[in-house]
Each structure stands twice: as C-alpha cells, then as structure tokens.
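Reader: I am new to this structure and would be grateful for a guided reading of it. May I put some questions about its fold and its aromatic side chains?

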Amino acid sequence: MLEEELREVLTARGADLIGFGALKGVPGAPLPNGVAVAVRIPREVLRDIRQGPTKRYYDCYQVLNDRLNGIVLAGERFLRERGFAARALSTDRVTQSDDARTALPHKTVAVRAGLGWIGKCALLVTEAYGSAVRISSLVTDAPLVCGVPVQPRCGGCARCEQYCPAGAVRGRAWKNGTDRDELVDIAACRRQMLQMTRESFGVATTICGQCMVHCPFTNRYAETGNMERAVSRGAESAGES
C-alpha cells in the first residue's frame with residue numbers, strides 16, 4: 001500500500017510523526033495532497049530552556065531542520081520514482097515574507113493531516129509531544145488516504161499567554177480561518193526573541209521556546225521521560241540490594 005511504503009521511507013529517515021492531508025482549495029497549495037512530518041525536540045533540550053533560549057537549543061534547531069530536509073526530500077524521491085508529482089518544502093525552497101509568512105505553512109499541512117492543532121500561541125500542538133516538535137512537509141498528486149483535522153484541545157488553558165516574555169500571545173483560541181496575527185503579535189515576539197538570544201549566547205535569532213516548553217501537552221511529554229528515568233534508577237537500586 002502506497003501510504004505504508006511512504007511511511008516506512010519517512011520513518012527510516014527519522015520522522016516521529018507522519019500524516020497525509022487533503023489540500024484541495026487551500027491557498028498556496030500547488031498540488032492536491034500534502035505529507036506532514038514532525039521530529040520531536042529532545043527532552044534534555046527542553047529542560048535547558050525553561051528560563052530562556054540556549055545555544056544548545058539553537059544548535060538543536062539546526063540539526064532537526066537538516067533532518068527534516070532529508071526526510072521530505074526522501075519522500076519526494078520516493079513519490080517521483082512511482083510516477084507522481086511531488087515537491088518537498090525544504091528550507092532552501094521556502095521563502096518567507098518580511099512578516100514571517102510562507103505561501104503554504106507547514107502548520108497548515110500538519111493540521112489538515114491531523115497531526116495536531118494550532119494552539120493559542122500559533123504553534124502546532126501534538127498529542128504526543130505537545131508543541132516540542134519541528135515540522136516540515138511536501139506536496140504531491142499521489143492519491144493518498146488523508147487524515148482528518150483534529151479540534152483544538154487548549155480549552156481554558158492560558159499558560160502560553162502567561163509565560164510569553166514579550167506579552168505577544170493574545171489568548172484567543174484558534175479555529176479554521178483564524179489569521180495568525182489574531183493569535184500573536186508577531187513583531188513583538190520577534191523583537192523579544194532577537195534580544196533574548198543575543199543576550200543569552202551572542203546570536204540574534206528568532207527562537208525563544210517559552211510558550212512551547214510551558215504548554216501542558218509539552219510538559220506531559222517531558223515528564224514522561226523523568227518518570228522513565230526514575231523507574232530505571234529504582235530498578236537498578238533494587239538490583240544492587
């Protein structure tokens with residue numbers, strides 16, 4: 001089955017989450033279907049950034065972006081070899097406008113594929129990893145069996161708004177058709193990120209991570225790792241006694 005074979009290709013290159021979404025009628029989509037992929041941010045990196053971005057977090061971004069490029073390019077090759085049109089939306093092919101917009105956001109493909117929903121901070125939130133993921137996508141005319149978008153599950157939570165150092169999160173819930181600027185003051189967000197990273201490790205770049213790391217869904221993923229280590233240490237101690 002085409003979907004299973006494609007999943008195997010993408011998983012072998014390091015994808016943690018994979019979904020297929022229908023893009024017909026979606027602005028900026030040049031082909032009718034999309035493939036969304038996500039890779040998780042390691043738990044140890046998350047523990048580093050609860051007070052602000054770090055050089056380790058910055059380096060992790062570069063590593064994960066490179067991995068994502070390899071994943072979507074592998075998917076593109078797989079589909080083209082089978083006679084389908086496909087285009088990987090890798091970092092060297094995607095351009096951003098001055099206000100950090102792209103023609104077809106990876107988040108749009110991910111939501112259509114059912115990987116997660118858009119949180120109040122305008123990040124993709126997944127059930128498995130919260131918003132502690134980096135994402136990419138590719139578009140194709142391959143006849144994939146597509147997923148179903150999931151409804152936002154943020155409810156009354158306002159942690160991303162509370163922990164945003166720029167005060168940029170407006171506290172509004174996302175729904176289909178909501179513009180990014182209704183959720184976040186992107187200019188304030190970017191100014192704060194540039195200041196924080198410059199002060200923290202001497203590189204002015206647009207990463208922060210506070211809305212991500214304080215999300216309850218992210219915390220659940222991070223704390224699962226803590227519990228696993230505690231169980232492991234307990235087992236080791238029991239074996240020594």
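Reader: What percentage of the 241 residues in the protein is buried?

Author: The model is a predicted one. A residue counts as buried when its relative accessible area is under 20%. In the protein, the buried share of the 241 residues is 44%.

Reader: Which radius of gyration does the protein have, and why does it agree with a compact globule?

Author: For 241 residues, a compact globule would have a radius of gyration near 18 Å. The value for the protein agrees with this, because it is 19 Å.

Reader: How are the rings of Tyr57 and Tyr61 arranged: stacked, tilted or edge-to-face?

Author: Four aromatic pairs are counted in the protein. In the pair of Tyr57 and Tyr61, the ring centres are 5.1 Å apart and the planes stand at 80 degrees. Planes over 60 degrees apart meet the cut-off, so this pair is edge-to-face.

Reader: Is Tyr57 buried or exposed?

Author: Tyr57 and Tyr61 are four residues apart in helix H3, and therefore about one helical turn separates them. Tyr61 has 16% relative accessibility and counts as buried. Tyr57 has 2% relative accessibility, so Tyr57 is also buried.

Reader: Which helices hold Tyr58 and Phe201?

Author: The rings of Tyr58 and Phe201 form a tilted pair, because their centres are 5.6 Å apart and their planes lie at 35 degrees. Phe201 is buried, at a relative accessible area of 16%. The pair ties together parts 143 residues apart in sequence, since Tyr58 belongs to helix H3 and Phe201 to helix H7.

Terms used. Residues are numbered from 1 along each chain as its sequence is written. This is a predicted model: local features need pLDDT of at least 70, side-chain atom pairs count only at pLDDT 80 or more; totals for chains, interfaces and linings use all residues. Side-chain values use heavy atoms; hydrogens and water are left out. The radius of gyration is taken over C-alpha atoms; the globule rule is 2.2 Å times the number of residues to the power 0.38. Buried means under 20% relative accessible area, exposed over 50%, partly exposed in between (1.4 Å probe, protein chains only). Rings of Phe, Tyr and Trp (its six-membered ring) pair if their centres lie within 6.5 Å; planes under 30 degrees apart count as stacked, over 60 as edge-to-face and the rest as tilted. Helices (H or I, at least four residues) and strands (E, at least two) are DSSP runs, numbered from the N terminus.
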